[in-house]
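Work through the exercises below with the sequence and the structure at hand. Each task is followed by a solution in steps.

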2 protein chains.
Amino acid sequence: MTDLPNHVEIHEEGPREGFQIEPGPIPTANKIKLIEALAETGLHHIQACSFVNTRLVPGWADAEAVVEGFKARPGVEYTGLFFNGNGLDRALAFKDKLAIHGSISLTASEGFTRKNLNRSHSENLEAMRKHSSLQQSKGVPVTRIGVMAAFGCNYQGDISPAQVISTLEDGLAIAAETGATISLFSLADTMGWATPARIERVIGEVRTRWPDMNLSLHLHDTRGMAVANAHAGLKMGVTRYDSTVGGLGGCPFAGQPKAAGNICTEELVLLCEEMGIDTGVDLDALIEVGRLAEEIVGHQLPSELIHAGSLAAFRRKAA
Amino acid sequence: MTDLPNHVEIHEEGPREGFQIEPGPIPTANKIKLIEALAETGLHHIQACSFVNTRLVPGWADAEAVVEGFKARPGVEYTGLFFNGNGLDRALAFKDKLAIHGSISLTASEGFTRKNLNRSHSENLEAMRKHSSLQQSKGVPVTRIGVMAAFGCNYQGDISPAQVISTLEDGLAIAAETGATISLFSLADTMGWATPARIERVIGEVRTRWPDMNLSLHLHDTRGMAVANAHAGLKMGVTRYDSTVGGLGGCPFAGQPKAAGNICTEELVLLCEEMGIDTGVDLDALIEVGRLAEEIVGHQLPSELIHAGSLAAFRRKAA
């Protein structure tokens with residue numbers, strides 16, 4: 001089952017994940033500074049902000065100001081997260097600057113859907129049916145199905161691969177009903193339940209069912225397994241990963257106030273580089289941006305690599 | 001090359017690694033408290049202290065008081081680290097309480113040997129020849145060869161598998177000359193250069209050369225790769241790992257003041273458990289000891305798992 005890719009596509013979500021959870025307030029100018037610095041490292045996809053309820057997520061009350069403020073670098077795709085019609089409209093106001101991709105967001109755990117969205121799974125399916133139609137009707141093609149808690153859930157425990165398959169089938173049914181063509185499944189380890197063995201099992205079963213679908217992994221480092229999980233994903237041939245510079249972010253679920261956020265972008269890049277997999281990213285430049293991220297949030301971030309420095313830097317010194 | 005073990009032997013080095021590097025001072029009573037708590041978790045090997053130069057390592061000036069103070073739990077092996085005759089004598093004073101294993105400690109990087117020991121490789125071989133004879137003459141059988149910087153070095157850059165093989169051959173020559181029988185090679189990623197691919201390559205080449213030798217890995221998490229590296233080791237059938245509770249320790253080498261220490265014991269145990277590999281450790285109890293370690297050192301430790309809690313705890317809640 002080893003199928004090492006030549007190239008991996010990294011979707012940097014540090015600004016969005018980080019600034020939604022930092023107690024802050026973080027000045028808008030610093031958010032812009034981080035986004036612009038990330039774009040200089042060779043990253044091609046940056047999730048720059050979140051168009052969510054500003055009362056629930058005050059850290060993104062300045063989403064519009066951030067998007068207006070940053071200078072877009074040619075060749076870099078910037079996105080903003082949205083979950084409903086209001087968020088979509090706020091994103092569409094920046095359609096010349098942001099890439100707007102439609103998505104169907106589901107959860108493999110009904111327990112999590114209830115806790116996080118206060119909906120049953122079937123109520124969530126109905127909401128996503130409407131949301132998919134709305135996106136399509138506004139000229140935003142829905143091309144992606146996201147599955148949260150795909151590897152386990154703090155509220156429901158283990159999640160079987162069959163449950164993930166069934167959730168993806170629900171998503172494909174919504175896509176069919178709403179005239180959407182899906183080209184990507186994104187599987188999220190929202191609460192840090194994945195292990196390499198579980199990654200292999202779930203990816204293996206999803207691949208068997210849909211051999212030609214593009215897959216993406218969104219891995220949280222809640223229990224320290226994220227790099228090992230990414231390594232398992234790479235060996236399974238998964239070519240797209242979400243990550244956050246410095247490991248920005250955290251886990252707002254189930255009483256884990258000090259829990260880690262996403263896999264660190266720079267550790268993912270190091271892993272890929274040392275396996276001969278191209279990411280397009282200048283790791284030394286990225287490490288500097290990780291240090292900038294630490295300055296901006298004002299506390300140490302989970303990334304070990306930004307504190308240790310790259311291997312390349314030591315190789316140059318030793319040569 | 002996959003050869004998953006049924007059981008893994010964990011050598012807990014948290015007290016030794018942690019208290020040698022914490023700015024402290026840490027009260028002797030707290031060191032004892034941690035050692036005793038670790039022994040209650042099902043760990044069978046605990047490196048309790050370091051008999052090193054107390055001027056260079058003031059954190060272990062109280063090594064004797066610690067060993068005198070802790071109550072040994074039957075079935076648990078306690079050790080103390082020593083590098084020279086003086087350290088050996090200090091350890092031998094506690095031969096009824098400590099297990100005293102002889103060792104030949106080498107480094108695959110001459111650059112590191114010079115920086116760390118102020119010796120050339122051949123001067124170090126000569127010192128180790130004397131040290132091996134001394135240990136044997138004092139009734140301490142030398143059974144282990146340790147190789148530091150086996151995966152790379154901040155001072156010398158990449159280390160080839162051939163260099164590791166050659167260093168092991170040097171060690172075996174010393175063993176033969178001094179009448180020692182080696183049963184274990186311990187390979188240390190002292191400065192965090194290992195990646196899963198490198199683990200596979202080095203272990204593969206060492207195995208090919210010495211198919212029947214027991215292997216042990218000592219993995220530092222300097223660049224966030226330790227869990228992924230342990231996973232690679234497990235898949236290669238390596239059954240013994242050093243680790244530290246909470247990720248106690250750090251990296252005193254080459255200007256990495258905030259760099260992480262060893263792989264966290266509890267993350268290693270989680271990884272093993274989720275792969276169906278027995279460790280004998282009660283993970284929930286160990287997580288509590290990780291939290292105790294944080295209290296004792298007075299700052300957040302690198303372990304993500306002690307902040308997030310085990311999967312078992314959430315499984316019980318969800319059931």
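Domain bounds here come from an automatic or database domain assignment. The model is a predicted one.

**Exercise 1. State how chain A is divided into domains, and describe the side of domain 1 that touches domain 2.**

Step 1. Domain 1 of chain A consists of 1-100 + 277-319, and domain 2 of 101-243.

Step 2. Taken over C-alpha atoms, the centres of these two domains of chain A are 22 Å apart.

Step 3. Domain 1 of chain A puts 22 residues into the contact, and domain 2 of chain A puts in 19 residues.

Step 4. On the domain 1 side, β1 (9-12) and α4 (85-92) of chain A supply at least two residues each. The most comes from β1(A), with four residues.

Step 5. By class, this side of domain 1 of chain A has twelve nonpolar, six polar and four charged residues.

**Exercise 2. Describe the contact between chain A and chain B.**

Step 1. Chain A gives 40 residues to the contact and chain B gives 40 residues.

Step 2. On the chain A side, the elements with two or more residues are α8, α9, α10 (265-274), α12 (305-308) and α13 (311-318).

Step 3. The residues of that side of chain A divide into 19 nonpolar, 13 polar and eight charged.

**Exercise 3. Check the span of helix α8 of chain A, then locate its buried residues.**

Step 1. Helix α8 of chain A (residues 196-209) has 14 residues. The expected span is 1.5 Å times one less than the number of residues. That gives 20 Å, and the end C-alpha atoms of α8 of chain A are 20 Å apart, so the two agree.

Step 2. Buried in α8(A) are Pro196(A), Arg198(A), Ile199(A), Val202(A), Ile203(A) and Val206(A).

Step 3. These residues cover an arc of only 155° around the axis, so they lie on the same side of α8(A). An α-helix has 3.6 residues a turn, so residues three or four places apart point the same way.

Step 4. The cover over the buried residues of α8(A) includes α7 (161-177), β6 (184-189), β7 (214-219) and α9 (226-235) of chain A, together with α9 (226-235) of chain B.

Conventions:
Residues numbered from 1 in each chain as written. Chains lettered and ligands numbered in written order. Predicted model: local features only at pLDDT ≥ 70, side-chain atom pairs only at ≥ 80, totals over all residues. Contact = placed C-beta atoms within 7 Å. Nonpolar A, V, L, I, M, F, W, Y, C, P; charged D, E, K, R; others polar. Buried ≥ 20, exposed ≤ 12 C-beta atoms within 10 Å, placed from the backbone. Arc of directions from axis to C-beta.
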